[in-house]
Amino acid sequence: MTTSIQHLIEEARLSARALYDFGEGLFNPTVRLGVTGLSRAGKTVFITALVHGLTRGGRFPVFEAFATGRIARAHLAPQPDDGVPRFAYESHLQSLIGERHWPSSTVDISELRLVIDYQRQNGADRTLTLDIVDYPGEWLLDLPLLTKSYAQWATESLALSRAAPRVHLAQDWHAHLATLRPEAAQDEQAALTSAKLFTDYLRACRDERFAMSLLPPGRFLMPGNLAHSPALTFAPLDVPSDGTAPEGSLWAMMVRRYEAYKDIVVRPFFRDHFARLDRQIVLVDALAAFNAGPEALHDLEAALAGILDCFRIGRSTLFSNLFRPRIDRILFAATKADHLHHSSHDRLEAVLRHAVAKAADRAEYAGAAIDVVALAAVRATREAQVARGREKLPSILGTPTPGEIANGETFDGNTEVATFPGDLPGDPEELFRGGFRGLSSSPSEKADFRFLRFRPPLLEREGDEEPALPHIRLDRVLQFLIGDRLQ
Ligand SMILES: Nc1nc2c(ncn2[C@@H]2O[C@H](COP(=O)(O)OP(=O)(O)OP(=O)(O)O)[C@@H](O)[C@H]2O)c(=O)[nH]1
Ligand SMILES: [Mg+2]
């Protein structure tokens with residue numbers, strides 16, 4: 001099928017969907033909120049805490065409609081899409097509150113509908129439906145592939161893999177690549193081996209010590225039911241970015257599979273999910289990047305540019321203006337801010353703001369309104385000043401998860417400790433200049449930032465009331481994402 005016919009069909013499908021959603025929205029004001037972030041960024045915890053706070057009376061002084069009592073009630077309702085898994089809110093909440101364990105990892109898209117009954121500022125009673133869609137950030141970072149040819153993608157991926165620290169992780173794959181001739185006859189075993197070695201390389205980049213963010217194609221690391229299919233059995237070859245693949249060659253085989261990946265994975269995601277979102281929050285684990293080192297921070301910045309590119313690409317080039325994606329607000333949130341003393345929260349926000357601004361320049365971004373926040377959806381720590389010699393260090397207190405290690409001690413999951421995670425610099429540019437040590441270049445005792453994983457907090461129950469979960473700035477997030485729709 002030629003690309004233009006394919007595009008026409010895509011547009012027709014998209015248009016039908018948009019019209020249907022539009023009709024629904026007329027009778028029933030709805031906000032479709034996308035929640036995304038790379039794996040372990042904090043999506044599941046964020047959604048669980050947000051829904052719990054809205055339905056069970058959280059403490060949200062900055063969320064105006066809530067703080068002034070205009071929200072009468074918020075409750076869960078059956079979700080609109082029958083083919084999408086439901087977000088397992090109840091079991092995630094049970095882990096968090098009942099067992100004091102973080103919810104387990106999730107790899108698919110999921111959805112939850114929350115209905116909010118509220119009073120407008122003029123006194124009229126209204127309802128706002130909030131559909132929350134949780135999807136992996138890796139899927140989002142695949143969207144730029146839609147506008148790239150195989151040769152462009154291969155050239156970019158190879159260039160990235162030839163810079164430190166990736167080049168050390170890519171040795172096996174590069175060695176195999178050097179034995180391949182793109183013009184040689186197509187060869188399933190060669191494709192299988194290079195896809196495997198390329199995937200191993202991506203997995204090594206994602207490891208906590210390196211914490212790289214930019215690792216498309218996303219499904220290579222989370223294949224689901226596509227594992228071992230031809231659409232996931234390709235890898236970059238060293239080919240000229242403007243050349244044509246000879247028929248029957250290994251190169252042509254790779255091109256075909258790369259295009260199949262876009263057809264089977266990327267386009268349906270764009271059409272069925274991304275194009276239907278109204279608002280988007282992107283959760284970012286900036287602390288994991290500090291932990292790993294300066295290269296991880298630069299990689300994160302490149303990933304943010306990639307993400308901004310997605311919103312721009314979606315808006316301008318893929319489809320007609322009539323039914324283009326309609327996201328009008330994007331919030332970037334640095335998660336797990338409770339790992340830092342509050343004196344560093346503003347600094348964490350400043351680092352993310354700096355990275356997003358640089359990324360916006362790189363992606364020549366113009367589009368939806370953007371804001372940035374440092375957040376802890378669930379605050380697992382308290383604060384204290386700990387004396388070290390004459391100095392008083394701003395420290396945090398929490399219960400490390402069982403098995404965490406610091407200063408040679410392994411924690412049992414019941415003992416509370418005070419730690420000093422490290423001070424973020426007042427000028428974010430200092431971090432980007434790279435003058436700090438992370439796990440990618442030194443052993444953990446020498447790293448400049450040390451973040452222990454803590455258990456969720458122990459909550460005090462008052463009578464039969466379900467306790468509220470402590471948080472940092474979750475109310476500011478709500479105000480930005482839906483405050484204007486509740487006026
Ligand atoms: N202290 C603290 N830790 C958090 C918070 N949010 C997430 N975490 C930690 O980060 C881990 C990952 O959080 P999840 O919400 O499962 O992240 P996710 O993005 O859903 O991860 P995947 O489902 O694996 O993609 C948790 O197991 C916690 O250890 C938070 O607000 N505070
Ligand atoms: Mg999850």
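Modeller: A polar contact here is a pair of N or O atoms within 3.5 Å; within protein, one must be able to donate a hydrogen and the other to accept it. Residues adjacent in sequence count only if both atoms are side-chain atoms. The model is predicted.

Colleague: With which side chain does the side chain of Asp 131 make a polar contact?

Modeller: Asp 131 sits in strand β4, residues 125-136. Its relative accessible area is 2%, and because buried means under 20%, Asp 131 is buried. The side chain of Asp 131 has a polar contact of 2.7 Å, and the partner is the side chain of Arg 113.

Colleague: At what distance are the side chains of Ser 161 and His 174 joined?

Modeller: Ser 161 belongs to helix α6, which covers residues 150-161. Ser 161 is buried, at 0% relative accessible area. The side chains of Ser 161 and His 174 make a polar contact, and its length is 2.8 Å.

Colleague: Which protein atoms are the donors of the magnesium ion, ligand 2?

Modeller: A donor must be an N, O or S atom within 2.8 Å of this metal. Two protein atoms qualify, lying 2.1 Å from the magnesium ion: Thr 44 (OG1) and Thr 106 (OG1).

Colleague: How many residues apart in sequence are the parts that Thr 44 and Thr 106 tie together?

Modeller: Both threonines give an OG1 donor to the magnesium ion. Thr 44 is in helix α2 (residues 43-56), while Thr 106 is in the loop between α4 (89-99) and β3 (110-119), so the pair ties together parts whose separation in sequence, in residues, is 62.

Colleague: Which residues are the closest to ligand 1?

Modeller: The shell around ligand 1 has 18 residues. By class, eight are nonpolar, six polar and four charged. The closest are Lys 43, Thr 44, Ser 105, Thr 106 and Asp 338.

Colleague: What share of ligand 1 does the protein bury?

Modeller: An oxygen atom of ligand 1 is 2.8 Å from an N or O atom in the side chain of Thr 106. An oxygen atom of ligand 1 also lies 2.8 Å from a polar backbone atom of Val 45, and one lies 3.2 Å from a polar backbone atom of Ala 377. Taken alone, ligand 1 exposes 650 Å², and the share of that buried by the protein is 95%.

Colleague: How many disulfides does the count give?

Modeller: A disulfide needs two cysteine sulfur atoms within 2.5 Å. The cysteine sulfur closest to that of Cys 205 is in Cys 310, 19 Å away, which is too far for a bond. Cys 310 is in no disulfide either, with the sulfur of Cys 205 as its nearest. The number of disulfides is zero.

Colleague: Is Cys 310 buried or exposed?

Modeller: Cys 205 has 0% relative accessibility and counts as buried. The relative accessible area of Cys 310 is 1%, and therefore Cys 310 is buried.

Colleague: What is omega for the peptide bond from Ala 164 to Pro 165?

Modeller: Most peptide bonds are trans. Pro 165 is in the loop between α6 and α7 (166-169). The bond from Ala 164 to Pro 165 is cis, with omega near -5°.

Colleague: What is omega for the peptide bond from Pro 216 to Pro 217?

Modeller: Pro 217 is in the loop between α9 (188-206) and α10. The bond that joins Pro 216 to Pro 217 is cis, with omega near 0°.

Colleague: What is phi of Ala 211?

Modeller: Ala 211 also lies in the loop between α9 and α10. At 14% relative accessibility, Ala 211 counts as buried. Its phi is positive, in a residue other than glycine, with a value near 45°.

Colleague: What is phi of Arg 100?

Modeller: Most residues other than glycine have a negative phi. Arg 100 is in the loop between α4 and β3 and is buried, at 16% relative accessible area. Phi of Arg 100 is positive, near 55°.

Colleague: How far apart in space are Tyr 258 and Val 62?

Modeller: Tyr 258 is in helix α10, residues 250-272, and at 0% relative accessibility counts as buried. Tyr 258 and Val 62 are 196 residues apart in sequence, and their C-alpha to C-alpha distance is 47 Å.

Methods
Residues numbered from 1 in each chain as written. Chains lettered and ligands numbered in written order. Predicted model: local features only at pLDDT ≥ 70, side-chain atom pairs only at ≥ 80, totals over all residues. Heavy atoms only, no water. Buried < 20%, exposed > 50% of the residue type's maximum accessible area, 1.4 Å probe, protein only. Near = heavy atom within 4 Å. Areas by Shrake-Rupley, 256 points an atom, 1.4 Å probe, with all protein chains shown as cover. Nonpolar A, V, L, I, M, F, W, Y, C, P; charged D, E, K, R; others polar. Donors = N, O, S within 2.8 Å, 3.2 Å for Na, K, Ca; no water. Helix = DSSP H or I, 4+ residues; strand = E, 2+ residues; numbered from the N terminus.
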